[in-house]
Every structure is written in C-alpha cells, then in structure tokens.
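Biologist: Hello! Could you walk me through a structure that is new to me?

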Amino acid sequence: MKRSSLPPLLPLYLAASAAIFLLAFPQRGEAQLTEADYARAEQFLSWNTTSLVYGATAGANWTEGDRFWYRNRIRPGHEFVLVDPQRGTRSPAFDHARLAASLSQAADTALTPHRLPFRTMELLDEGATLLVRFSGKEWRCVLATYECRGLEPRVQPVANGIRSPDGQKIAFIRDHDLWVQELETGEERQLTSDGLPGYGYATDSQGWRRTDRPVLLWSPDSRSIATFRLDERGVEKMHLLETAEPRPILHSWAYALPGDTIVPMLERIVVHVDDGNLVRLQVEPDHQRTSSCCGLTRADAWADVEWSADAGLLAFVSTSRDYKEVKLRLTDPLSGEVRTVLEERSPTFFESNIRSGGVPNWRVIAGGREAIWFSQRDGWGHLYRYATADGTLLNRITSGPWNVLDLLHVDEDEGWIYFTAVGREEGRNPYYRHLYRVRVDGSRLTLLTPENADHTVQPAPSGRYFLDTYSTVDTAPVTVLRARDGRVVLTVETADLSDLLATGYPFPEPFVVKARDGETDLYGLMYLPSHFDPEGRYPIINYIYPGPQTGSVTSRSFSAAPRGQAQALAELGFVVVQIDALGSPLRSKAFHTAWYGDMADNGLEDQVVGMQQLARRHSFIDLDRAGIYGHSGGGFASTAAILRFPDFFKVAVSGAGNHDNQGYTYYWGERYQGLLEEYPDGTDSYTSQANHLLAERLKGKLLLTWGTMDANVHPNMTLLVVNELMRHNQDFDMVVFPNRGHGYGSEPYAIRRTWDYFARHLMGVEPPAGYEIRRR
C-alpha cells in the first residue's frame, strides 16, 4: 500500500481548515462561486424581477369627467385600461385584438394585441376616437368601427419644448432666446431677442444638471409665461474630456462651487405671448434656488412659482443662497410690481417639502388674500394659514409630532385641504404615507387611507377622486379609487406576484435598531439569500445612501427593484442591509439636521451601531466580514466609511462619489454644509469632510469607480482621492467608465465588478471568470 507523503499532522490541519471554510461560506464546499451562483443572482436584478410583477401600479392619465386610463402589465404584455369613477367601472380602453388587427392592416405591419407599438394614447370626441402615435405618424381610430387611418403630422412639434395648457402652443429655446410655436399652423414667433451665451432666457443650466428644455410656467389661460433670464456671465467653468478618435473632445460649462464669488442669478420676467410684451419683475435677482430639494423644476413646471386661476396674479418664493431665508412674494404680471407677504428664517436650512423632488407646499388662495404655508418652525413639518395683506397668521392648520408630506389639493369651495403625511398613526412605521383632509381653519382632521401600509396617492385634477396604491415591503400592492371622503369607489388593481415568488424571490425583512444615542429608533431592511441557512455565517454588506435629501431605503412600499440591486447581491451569499440613519429626511427636523455642517458624518456611526445590534440578534451575521457600497452620495459615504472606520469595514465599493463637497455643486454643499468659511489656520469649513485628506487611514480593500463624462459629480473629486492614496503608497483598485455620465452604476459591467470584488475580498472566494450579465 502506498504511504502518504504528507506530514503526520497535515491531514488534521487541512480538515480543520476545511471545516472553518465551510462555516465561513455556508452551503458550499468549494472556494469558488460558480456561473450557476451568478446566474441565480442575476435573475433577481431589477430588469428581470419587475417584468414578473403584474398589476402593481396604475399611474393615472386623467381625462374629462374625472375618467382616467393607464397602461397595465399583464402576462401577455400590456393592456390599456379605462376607469370611469362616476359609473364605478373599470374596463379595457378599447378592444385590443380589433385595434391590433386594424392597425396592422392600416400600417402594413404585424401587431399583436398586447404588444402594441405605443405607450400613450389620447381619447378624443368624448371617447369615440382613439389617437396614437408610432412609426412617425398619427393614427386615428374610430372605436365604433375600428376604422384606423394614418396621418402625417401637419406640424412637427419643436423638440424640448413646453406645451401650453390649451395644447395649442409650445415654448422653446433657440439661440438663448425664448420662442413659441403655434401647433395648428407651425408658425414660430420669437418672444425675446437679446439672449446671449451665459445670459439667456429660461435657460436650464444648473451646473450639475443641464438640458435644452426651458424652465418656465405657462399661465392657466395659455397667454403668458413666467420665466427668467439666467445670468451666468463670469461663473467659473467645469470641464470634461469626451473620449473620441483621433482626439478627445473638450466640454466646458458654467458650474458654481461653494464659496464662489460669482454665481448664477435669475432675473424674473413675465412674457405675454399674444402681444410679445415682456415685463421685468421689480425685484432684485434671485439665487438659483428652490425651497424644496432638488432642482428648479418639478415635471415640466418651474417650481416655487404659481399663477392664480384667472392669470391675474403671480406668486413665487425667493430663497437665499444659504437656504436659510425664504420670502413669499406676489406680483402683478402686467406691471411687474412685487410685494413680499411672508418671510421665514431657519437656523439650518428651510424646506417647503421634506420629500426629495416634492412640490413646494405652499398655495395662494382666496383670490390672493390668503396663503397656505409650510414650516418646520416647531421641529415638525406643518401647514399654516396667513393673510397676504399684512402677513398675519390666521390659524395653524396642522400640528403634532408628525410631518405633512405633500399638499395635494385645496378645495376652496368646500373649505378642505387634502395632503399626505408621515408619522401620525401610532404603532405604524413612521415612514408610511397616508392621505388626510382637514378644514382650512384646522378642524376636523381625518385619515382617509386607514390601511396599515405605505400609500402612494394621485389626486384627480378636480380633487373629487384619489387613486391610492398601497403596500408594504412584504405585501402585494393594491390600487383603489377613493372618493374625497376616503370611501373606496372601486378596486382598480391587485398586484400578482406569483411569477416573481416562483423564482424563490424572498421579501426583505424590516427591522428597527437604535441610533448612536441609544434612544432614537432607526428603520431598515435586511436582504437574505433565497437559499438562506440560519445555521450558517454570512458576511454583511451595507448599502448606503446618506442623503441628506433621501435615505438608503427610500420607499416602504413593495418593490421588486430595491436600491443597489440589494437582493441580487444577497443571493450570492451575503446579508445586505439598508438603514435610514440620522441625517436622512421624513422624521423630525432635529433628526434630519443631526449632522448639518458636518457632511463627513454621513450617518456612519449609526450604520455601525445598527449593524452591531443586528449581529447580536442574529448569529448568522459575521461582523468580522463587514462591507459597504454606494453610488454618488453613497460613493462619498462608503469611501468615508472605510477610511473613518477602518477596523470595522473591510471592503468598500464606491461609485461616482462627491468625495469633497467643495468640488461639488454649490447648491448642494451650501445647503447641507453651509456657506464656505475660511479659518486663520489656512483650513476652511469644508476641510473636515474631504475624503482625500484621510487616505492614509485605508486598511481594507477599496474599489473606486467613476464615469469620465459625469457632469453631475465631477471625476476630479475621485481623482483627488486616487492621488492621495498613491501619495501614501496605498493599495486600492479602480474601474473607469469612458464617456459614461453619473448613472453608470446600473450597467451590467459595474454590477458584475461589484459582485466580484465582494466575493474575492469579503467572502474570500473566487468569482466565475468573465461572467457576463445581460440586460433586457
């Protein structure tokens, strides 16, 4: 018999090593992830999971008589559904099979009933005629006979324009001036004539965001436009190099940074379209600010600006450069005379809506005599009613330790205000949104959505009905139509998750931990692999987005597409967590401003203590193998995490991070870090938050990624980190995405490299070589 050539104790050593490895890497006996493992994780990527959910959302497209239609995902494809609230009916918007057959013949092509080549439609002639657009034509179908004919558009609408409320005109920018196009005739008229580069009209140039669409607000009668002339002359430029053959292409544009002396300013105007009269408002130029985060527009409308119903009055809010002072102003659009009716200051930053992307929560009512105003002056976001004549507070409308979220509708005839709010219902998740109504005088506050769930609410333009989709992270969405008293008129959709669940897709697990103070509740989600073994030991990875305008979790509704592709990453054999830490919104003002002026905080201590609490609760969490990843603000935070907590976080993957907010857009840093202050020792108020100044602290494995054409978060901030890491002789990794903007993080290659990095350096196994993720 052949004798072993191994030393006598080596077999015992190898056996012990194998046992340790099996504990560290549950359910596998090999030191490698396989293509099958990656394929199983890939099926949980958002573009694969969302296609397996049917009837989950019903975004309303409102028409006359409070009717609305929506496009609904079903197993064969999509269907168009029409809802008539007054009749209490839900039915197909048309006969899909007959329409497909008729359009196939008219367009000389082959169409199937539930894969029609359009996503939107119009119902004309009180619903008797259907208008759709595809293949460069308009198609009109008489629904009584399903006779369809294609028409070449008589007028090609100008691209990147804003349509007037009556649908007859489009306002657009050409050569820095404002123009309108008459859609009936195609005639184009120039409304301004002195626009210049860097000094144009309605210009959407916000540094971090630029488009060719004008920023403006049409009057309700479609006869006037409220907009501005943007003065960017002298604003410092930002530069990017587009990779090209044979030479790169230089891109330069105005991009103000914290502390800059010259910043963009808005000169407010009203243009009367019929006669071309331009009225300059009699007010000093405003900073390029909105009283709620983020950007100047909401949908296609200029935010913080409101016309009266008769177009005889224009209201707007001016916000100071540091976001601490706001003024509600009224103007006569014919004379340009302006008066300030209300002012408020905040010690940190003022917000008129605590939801990122929310429409500012103020309205001028009663023919301009009164205003509804939003304030967090007592530490919570509430509504107040003022007289505009002298700024007198008439009454407080809402109060208590909870927040108004969105002011949806004001019924002046009946005296009701409809709004969503968070945190009011005891014993419920404080992030759950509910619909309420209250009298203008603050009486008779009523909950209209009693279900213990998160509610997404869309009001009808008339305010008579509300479309309500409610769910939780682990229950299927239900969509109902409610009357204005909250009564359910019709169940519109109940989502079908059966195909998704058949793949083994697990719901995330909600949890509550304490913040760094040991008292404040923090809410989060935990994602486990579908093959989870409670007796195993799993590395833990934190997906982070610190805000401050939103948090890591974002939504408490059901979603088959969690942020950071968290479920797909967990499927590889990780525990993935998301925690909304101190500094994120939707709680008290003190919660949201917990680290105002110290953006380096990023809520990281809360993330650490939260993960520690979870590890004490769950023996399957291996806290010695803790990782973190994020993009944009999450890229900033994940790099900060591995540099500020080097003994806790062992691996970080950081994408497109704003690693030094002095190099990021001034609208961001000056809101959350404050105005730049220089100190006698040569430092300034932004020095403490810069990641590159901490490069020598790196102990673990760090992967940095960025896009070379990222006009939002400039690559320069990541390169500052790279330079300092090299100066300190640190080992690190990086992946550069040529000609990519800010959103490359969802690309398959970026996802695969993230998976590989955590597999190698946190799990300690080798990923399958060159695995290719495919996107539908």
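Modeller: Gladly! This is a predicted model, where local features need pLDDT of at least 70, side-chain atom pairs count only at pLDDT 80 or more, and totals for chains, interfaces and linings use all residues. Residues are numbered from 1 along each chain as its sequence is written, and side-chain values use heavy atoms, leaving out hydrogens and water.

Biologist: Which residues of helix H2 (residues 35–42) are buried?

Modeller: Helices (H or I, at least four residues) and strands (E, at least two) are DSSP runs, numbered from the N terminus. Buried means under 20% relative accessible area, exposed over 50%, with a 1.4 Å probe and protein chains only. On one side of H2, Glu35 and Ala36 are exposed. The buried residues are Asp37, Tyr38, Ala41 and Glu42.

Biologist: Why do the buried residues of H2 line one face of the helix?

Modeller: An α-helix has 3.6 residues a turn, so residues three or four places apart point the same way. Taking directions from the helix axis to the C-beta atoms, the buried residues of H2 line one face because they fall within an arc of 135°.

Biologist: Which residue in strand E43 (residues 621–631) stands opposite proline 539?

Modeller: Proline 539 is one of the buried residues of strand E41. Strands pair if DSSP finds at least two bridges between them, and E41 and E43 pair in the parallel sense over six bridges. Opposite proline 539 stands aspartate 622.

Biologist: And in strand E42 (residues 575–580), what is the bridge partner of asparagine 542?

Modeller: E41 and E42 run parallel, joined by three bridges. The partner of asparagine 542 in E42 is valine 577.
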